[in-house]
Each structure stands twice: as structure tokens, then as C-alpha cells.
Amino acid sequence: REGSEYEIEGDTEFIREMLDRLSLGTASAETGGTTQAKKRDATPKEDSGKSLSPGEFIRRLGVKKHTDKVAAFGYYLEIHRGVSSFTSADVNNLYYEAKIENSNTSQMITSNIQRGYVMESKSEGGGRKKYVLTHSGEEFVKSKLEASNSEQK
């Protein structure tokens, strides 16, 4: 698409899936590297038109506990970056982007599974466990967003 830039890394099947999802067709794609996809213009926009960073997203929510941050990052990945599932490495990357010290992400994911906010994905992760937010997890983050939006008004 004109004016858009995409970077997709992974095996051939994953790249084709992402190209189809982004409506780019299955043009020839190089393979290799880790299974990771980024749509550069997929980050949420603030009212001013600027992209909302993962750090700003977390600060807006006002969450303090790492279990809540991991659920929020899962939401950010699924809703704002358009991924169908995520790994603990994906969450760690968002911690890095947000310039927030991370905790034991795998343990925080396990805690969120116990809370009913995250579950294992059925998609293949190339040896890595993949996760998705549950409906309860989405509702938890949405409630934090609504509370932060009402505080800003």
C-alpha cells in the first residue's frame, strides 16, 4: 500500500498469513529469523494524531503490578498491533520499548492464566509457547482504559 511500510519476519507460512491478513497478497517473501511481525502504522493514535507508545499506554492505564502490565501489553499487542497471539518475548520487547524494568514475564503470564486473563494459544509458536488474552482479560484492560478516560475529562 502506498505510504505504508511493513516488516515481517518468520517462516514462509507465517509470512504468507501476515501478508494475507494485511491484504498485501502473497508476494515473494524472504524467510528466516524469529517469528515476529510489525505493522509500523498499526499503533494507536492519540487525539493529536501521534502514535501511542507502549509506555504511554501503560501510563494511561495507571497499572502498577506486573501482572496487570503483562495483561495490558497482551491487549496492546492484540488490539493495537494486530497480532493473533503473543509470546513472553513479545511482552519483554514492549517492556523495553516502554522503558520499564520488566519482572519475570513467564511467571506473570502464569499468574494471568490463573486469574483467567490469559490462555495458551492453539497456534504453533515455532517451539515457543504463544498466548492470547481471554474475554475477561480484555474486559479488565478495557475497564482500566474507561477509568483513565473518565479521569482525563
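Author: Let's settle one term before anything else: two residues are in contact when they have heavy atoms within 4.5 Å of each other. Also keep in mind that this is a predicted model.

Here's the overall layout. The protein has six helices and four strands, and from the N terminus on they run β-α-β-α-α-α-α-β-β-α. Of its 153 residues, 39% count as buried.

Now for the core. The largest nonpolar core has 27 residues, and Phe57, Leu61, Phe73, Val91 and Val141 are those with the most contacts inside it. At least two residues each come from helix H2 (54-61), H3, H4, helix H5 (105-115), strand E4 and helix H6 (135-152). H3 gives the most, with seven residues.

So let's look at H3. This helix covers residues 66-80, 15 residues in total, and reaches 20 Å from its first C-alpha to its last, close to the 21 Å expected at 1.5 Å a residue. Because 13 of its 15 residues are buried, H3 is largely enclosed by the rest of the structure. Just after H3 comes Gly82, which takes a positive phi of about 75 degrees.

Next up is H4, residues 88-98, where Asp90, Val91, Leu94, Tyr95 and Ala98 are buried. Seen down the axis of H4, these buried residues fall within an arc of 150 degrees, so they line one face of the helix.

Not counting residues up to four places away in sequence, Val91 touches Val70, Phe73, Leu77, Phe86 and Thr105. Phe73, like Val91 itself, is among the residues with the most contacts inside the core.

Finally, the loop residue. Ser121 lies in the loop between strand E3 (118-120) and strand E4 (131-133). Is Ser121 buried or exposed? Buried means under 20% relative accessible area, and Ser121 has 18% relative accessibility, so it counts as buried. What does Ser121 contact, leaving aside its neighbours within four places in sequence? Its partners are Ser85, Lys130, Tyr131 and Val132.

How values were computed. Residues numbered from 1 in each chain as written. Predicted model: local features only at pLDDT ≥ 70, side-chain atom pairs only at ≥ 80, totals over all residues. Heavy atoms only, no water. Expected span 1.5 Å × (residues − 1). Buried < 20%, exposed > 50% of the residue type's maximum accessible area, 1.4 Å probe, protein only. Arc of directions from axis to C-beta. Core = buried A, V, L, I, M, F, W, Y, C linked by side-chain atoms within 4.5 Å.
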